[in-house]
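Have a look at the model first, then read on.

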Amino acid sequence: MAELGSKGVTAGKIASNVQKKLTRAQEKVLQKLGKADETKDEQFEQCVQNFNKQLSEGTRLQKDLRTYLASVKAMHEASKKLTECLQEVYEPDWPGRDDTNKIAENNDLLWTDFHQKLVDQALLTMDTYLGQFPDIKSRIAKRGRKLVDYDSARHHFEALQTAKKKDETKIAKAEEELVKAQKVFEEMNVDLQEELPSLWNSRVGFYVNTFQSIAGLEENFHKEMSKLNQNLHDVLLGLDKQYAGNAFPVKAQPSDSTPAKANKSPSPPPDGSPITSPETKTVNHELEPSTLEAPGASIPKSPSQPAEAARAGAEAAGSEAAAGAEASKTEADSGSSSLPAVVVETFPATVNGTVEGGASSERADMPPGFLFKVQAMHDYTATDTDELQLKAGDVVLVIPFENPEEQDEGWLMGVKESDWIQHKELDQCRGVFPENFTERVQ
């Protein structure tokens, strides 16, 4: 019987809520048509406009601050990679090696400390500041509903009083409902009239403290980083001075003025490996006719050489070429070749160190339209049936709204990861929640 009574109370409450929504809808229609007057409070409406502006500005600042922190983290990783590269190329016998390692370690610690202090002194303060807006926003909406209830009760009471046939019982009951609706509305209205101006004025101090903290942290960070950079500069200057007198010879490339012996192709090694001499000319697929001449066939091309010497050299080269051709024929008949084998190696194309074609498959265990994960930083008590009840630490899978026009600024649609794993059903588990109560984790 107790269970039936409980169900009856629930059913009665649902019916009452439905009736309230219907009455409010009718009242709003009459007000829009001009058939019923609407209670106005211009001072309160100005407070609501300020509240919405303050919420919008705060939400934007929070978003930009998170972007700034992500950039600091990315810069930290880039700086770390750069110092690691220096450590790898810095040879053990070079002076200052221990100093460069220490500088790299301090560089990493400085970036880590800077990022953590930004989180503690700016981002968490930002989250706390915005954490008060969802509750006040909900109360403003509720105050609007109670104002409609008050106007509706007032119009009903006035209609009964002006009726030709008066019913004192109905009039008394309508008056009682009017007093009750007025009391509920005025209690909420008074509280908000005090809180909204105070909240609006608090923005000045909050912005001052937030940006002062960021500026101070940046100033200290760059001072310490400047010291590290100066130390690194001094270490590298010492390395440069020690090796300043050493010569690093660089072989010149052959030119037309190079002596004739430089044009003579060397014989391939006996094991048949490719020729690696810097004077060897690389040829693709086929050798040029000039490379098939026998050794000694090339003639110096000095412009001062007499014509007679050139002819004598050509005759001598001819006899040597004939002997070389005979020897080449003998080698060909025996199936051997003096030309080195050409080895062609192929490697799979890679992108950022990963072989193409190995793209990871999308996770199939997420709800349709899954965007990213967030984690609740604070408890959130749902104030409506379409909202998610959150505890600090809850992980939520964010999904898009079915109708993007229904999404309010600062609110996201999602399903708790634990509910999704257990039920795999969106219709029963999804709901909206305030974005500033959470932090993106994936």
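Axes here are lines fitted to C-alpha atoms, for helices over the stretch in contact, and angles run from 0 to 180 degrees between N-to-C directions. Helices (H or I, at least four residues) are DSSP runs, numbered from the N terminus. This is a predicted model, where local features need pLDDT of at least 70, side-chain atom pairs count only at pLDDT 80 or more, and totals for chains, interfaces and linings use all residues. Residues are numbered from 1 along each chain as its sequence is written, and side-chain values use heavy atoms, with hydrogens and water left out.

**Helix α3 on its own**
- Helix α3 covers residues 97-130, and its 34 residues should span 50 Å at 1.5 Å a residue; its end C-alpha atoms are 49 Å apart, which agrees. The expected span is 1.5 Å times one less than the number of residues.
- There's a kink of about 35° in α3, centred on V119. The bend at a residue is the angle between axes fitted to the seven residues ending there and the seven starting there.

**α3 with α5**
- α3 packs against helix α5 (residues 168-242) at about 175°, and their axes are 10 Å apart.
- That makes α3 roughly antiparallel to α5 (the word is used for angles over 145 degrees).
- Their contact involves 17 nonpolar, eight polar and five charged residues. Ala, Val, Leu, Ile, Met, Phe, Trp, Tyr, Cys and Pro count as nonpolar, Asp, Glu, Lys and Arg as charged, and the others, Gly among them, as polar.

**α4 with α5**
- The axes of α4 and α5 come within 8 Å and cross at roughly 150°, so α4 and α5 are roughly antiparallel.
- α4 passes α5 in a left-handed crossing, meaning the near helix is turned anticlockwise from the far one by less than a right angle.
- In the contact of α4 with α5 there are 18 nonpolar, four polar and 11 charged residues.

**α2 with α4**
- Helix α2 (residues 42-89) and helix α4 (residues 133-162) have axes that come within 12 Å and cross at roughly 150°.
- F44, E45, V48, F51, Q54 and L55 in α2 meet F133, I136, K137, I140 and R143 in α4 (contact means heavy atoms within 4.5 Å).
- Sorted by class, the residues of this α2 and α4 contact are seven nonpolar, one polar and three charged.

Note on methods. Helix = DSSP H or I, 4+ residues; strand = E, 2+ residues; numbered from the N terminus. Parallel < 35°, antiparallel > 145°, perpendicular 65-115°, else oblique.
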